[in-house]
Amino acid sequence: MISEHDNFVDKHRMSVFLLKRVFVLLIITRSVTNCFIQYGESVMNWLDFFTATILSYEKLIFLCTIGLAIEYFWPNEKNQPSKTILFNFIWVLNFLLVGNILMIFVGRSVGPIIAALGGPWFDLNLPDTWWAWLVHFGIFIALYDFGYYWMHRAQHSWRWFWCHHKLHHNDEHVNATTSFRHHWMENVYRVPFIVIPMSMLVEIDSSMPVILFDVMLVWAVFTHLNVRLDLGPFTRVIAGPQYHRIHHSNLPVHQDKNLTAYFPIWDVLFGTAYIPEKDEYPTCGTVDGETVWSVWEANVGVFKGWWGLLHPAPGPAQGDPALESPEGSTPRD
Ligand SMILES: [Zn+2]
Ligand SMILES: [Zn+2]
């Protein structure tokens, strides 16, 4: 005899499956974090590093779980395969560990480079009030988005950069967990494209990077939500789930559009904006349909791509089509 409980489990099989795994991941990360907090301080500095990394992981999983819960009630694409979500959860830990190790070394170069170039060049001279802080933060986030826009544009137009960025795009079932499916190399590129130019222009209040980091995390999950939500007249003002879904579309007409992270004004100004119709929610992935299911491949794919660019196959085929940028036809370097 089939019980009500069995019926429920059967009906919500994927959700139960996911929730169980999220729960286990949270327990594991919390236990490891507690161990590090308890014993790490007096042992070695590297324990602080792992503690910080695992705390970040816990935060990302938490945000993704909230996103998945929203998607559960208001899904755009129904019954997304759970393996894509699990893969993204595993990848995020890999991304954080390798990315943070790299940033220990890369981050040290920022201060000396800014000092050598004589930055920051402009002093905003804002008064010490809450509204001045908000203005400062507005300038800060707009500058960040401007730098991100050009980095992202380079990732889509230059094959050498596309080799790492395609990992973010070959998720065919975009959802909250896609937010952090980036190659760790992307963090390194943020330094010359965003961090150094911003720091050269204006002095940054030390409290802002921390706040911006949290805003970025929440906004990243929001824009990748698998929900049917168009922002109406605000579509041109703030990037939302529909606006960013166009960016992940596998349709040729949407390629290289909507590159901004927060403010579509940059897309509008530089000719890459695509304002979707009310019911326009395209399928996602790359034009060639290539995807990745192996953590190893996700890590080393960029190097294979570079090798392919250095040693293109002879003949009319001109190399591996998997290395092509989203449009898949135009030479991009
Ligand atoms: Zn992109
Ligand atoms: Zn995205």
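Visitor: How many residues of helix α9 are buried?
Guide: Helix α9, residues 241-248, is mostly covered, with 8 of its 8 residues buried; a residue is called buried if 20 or more other C-beta atoms lie within 10 Å of its own, exposed if 12 or fewer, and partly exposed in between, with C-beta atoms placed from the backbone. Helices here (H or I, at least four residues) are DSSP runs numbered from the N terminus, as are strands (E, at least two).

Visitor: Before we go on, what sort of model is this, and how is it numbered?
Guide: This is a predicted model, in which local features need pLDDT of at least 70 and side-chain atom pairs count only at pLDDT 80 or more, while totals for chains, interfaces and linings use all residues. Residues are numbered from 1 along each chain as its sequence is written, and chains are lettered from A and ligands numbered from 1 in the order in which they are written.

Visitor: Back to α9, what covers its buried residues?
Guide: The cover includes α6 (159-169) and α8, and the buried residues of α9 include Y243, R245 and H248.

Visitor: Which residue of α8 could we look at, say V215, and is it buried or partly exposed?
Guide: V215 lies in helix α8, residues 207-224, and V215 is partly exposed because 15 other C-beta atoms lie within 10 Å. V215 and I141 are 74 residues apart in sequence and 9.5 Å apart in space, C-alpha to C-alpha.

Visitor: And α6, how does it run against α11?
Guide: The axes of α6 and α11 come within 9 Å and cross at roughly 155 degrees, where axes are lines fitted to C-alpha atoms, for helices over the stretch in contact, and angles run from 0 to 180 degrees between N-to-C directions. The two are therefore roughly antiparallel, given that angles over 145 degrees count as roughly antiparallel, under 35 as roughly parallel, 65 to 115 as roughly perpendicular and the rest as oblique.

Visitor: Which residues of α6 and α11 meet there?
Guide: R159, W160, C163, H164 and L167 in α6 meet A298, G301, V302, G305, W306 and L309 in α11, where contact requires C-beta atoms, placed from the backbone, within 7 Å.

Visitor: What about α4 and α11, at what angle do they cross?
Guide: The axes of α4 (residues 82-117) and α11 (residues 295-310) come within 10 Å and cross at roughly 45 degrees, so α4 and α11 are oblique to each other. In their contact, I90, W91 and N94 of α4 meet V295, A298 and N299 of α11.

Terms used:
Two residues are in contact if their C-beta atoms, placed from the backbone, lie within 7 Å.
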